[in-house]
Amino acid sequence: MEEGHEFAEMPSLEDIELQLERSIKSLAEEGTDRIFDRCPADILAYLITHDDSEGFDVDAWLPRVRGAMERLDLIVFVPIENPDHVAIIEADHADLRRRVDEELRDILLDDRWGIGVEVLEVSGTPQERVRQVLERTAVF
């Protein structure tokens, strides 16, 4: 949105592909010790759970996604917990959130496409999550 693109409440497949393109470009930018809120895997999960997902060719994007994600030292995976700590009013959004979470688990933890980036799954309170990340990153 900061770059002038308006997104609908439920973005189109093309809108999400633009987000994937931007995510890939962000990882390609120079810099060290950066933290990203989302990575291309997140965007792929949204694309493959989108109502129009049959129009998305994941195989065409995988080489670029792999190349971008190889620049990451660590991905911190924060799954949906039970109970879910994010208040969502609409059932449709809750279902989409659950499906994206399942896809992300498969993409990252099960390494569906052989991306091979190290993933740390965290859980608990925000303070416990921070502690888990700090313990892991002390190795770097």
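Q: What do buried, exposed and partly exposed mean here?
A: Buried is under 20% relative accessible area, exposed is over 50%, and partly exposed is in between (1.4 Å probe, protein chains only).

Q: What kind of model is this?
A: This is a predicted model, where local features need pLDDT of at least 70, side-chain atom pairs count only at pLDDT 80 or more, and totals for chains, interfaces and linings use all residues. Residues are numbered from 1 along each chain as its sequence is written, and side-chain values use heavy atoms, with hydrogens and water left out.

Q: Okay. How many helices and strands are in the chain?
A: The chain has five helices and two strands. Both kinds are DSSP runs, numbered from the N terminus: helices are H or I with at least four residues, strands are E with at least two.

Q: How much of the chain is buried?
A: Of the 140 residues in the chain, 31% are buried.

Q: Give me one of those. Where does Asp15 lie?
A: Asp15 is part of helix α1, which spans residues 13-28. Asp15 counts as buried because its relative accessible area is 10%.

Q: What lies 3.1 Å from the side chain of Asp15?
A: The backbone nitrogen of Ser12 sits 3.1 Å from a polar atom of that side chain. For a polar contact, two N or O atoms must be within 3.5 Å. Within protein, one atom must be able to donate a hydrogen and the other to accept it. Residues adjacent in sequence count only if both atoms are side-chain atoms.

Q: And how far apart are Asp15 and Leu47 in sequence and in space?
A: In sequence, Asp15 and Leu47 are 32 residues apart. In space, their C-alpha atoms are 9.8 Å apart.

Q: Why does Gln132 count as buried?
A: Because its relative accessibility is 18%.

Q: New topic: charges. How many salt bridges are in the whole structure?
A: A search of the whole structure turns up 12 salt bridges. For each, a side-chain nitrogen of Lys or Arg is within 4 Å of a carboxyl oxygen of Asp or Glu.

Q: Why can such side chains pair?
A: Side chains of opposite charge can pair when their charged atoms come close.

Q: Which residue does Arg22 meet in a salt bridge?
A: Arg22 meets Glu29, at 3.3 Å from N to O. Arg22 is partly exposed at 31% relative accessibility. Glu29 is partly exposed too, at 38%.

Q: And which does Arg38 meet?
A: Arg38 meets Asp42, at 3.4 Å from N to O. Arg38 is partly exposed at 42%, but Asp42 is buried at 11%.

Q: What about Glu103: which Arg does its side chain meet?
A: Glu103 meets Arg112, with 2.3 Å from N to O. Glu103 is partly exposed at 21%, and Arg112 is partly exposed at 32%.

Q: Now loops. Where does Cys39 lie?
A: Cys39 lies in the loop between α1 and α2, where α2 is 40-49. Cys39 is buried, with 6% relative accessibility. The C-alpha atoms of Cys39 and Ser26 are separated by 9.0 Å, and the two residues are 13 apart along the chain.

Q: Asp33 is in the loop between α1 and α2 as well. What is its phi?
A: Asp33 has a positive phi of about 50° although it is not a glycine.

Q: Is Asp33 buried or exposed?
A: Asp33 is exposed, at 79% relative accessible area.

Q: And what is phi of Asp111?
A: Phi of Asp111 is near 50°, a positive value in a residue other than glycine. Asp111 sits in the loop between α4 (91-109) and β2 (119-121). Asp111 is partly exposed, at 29%.
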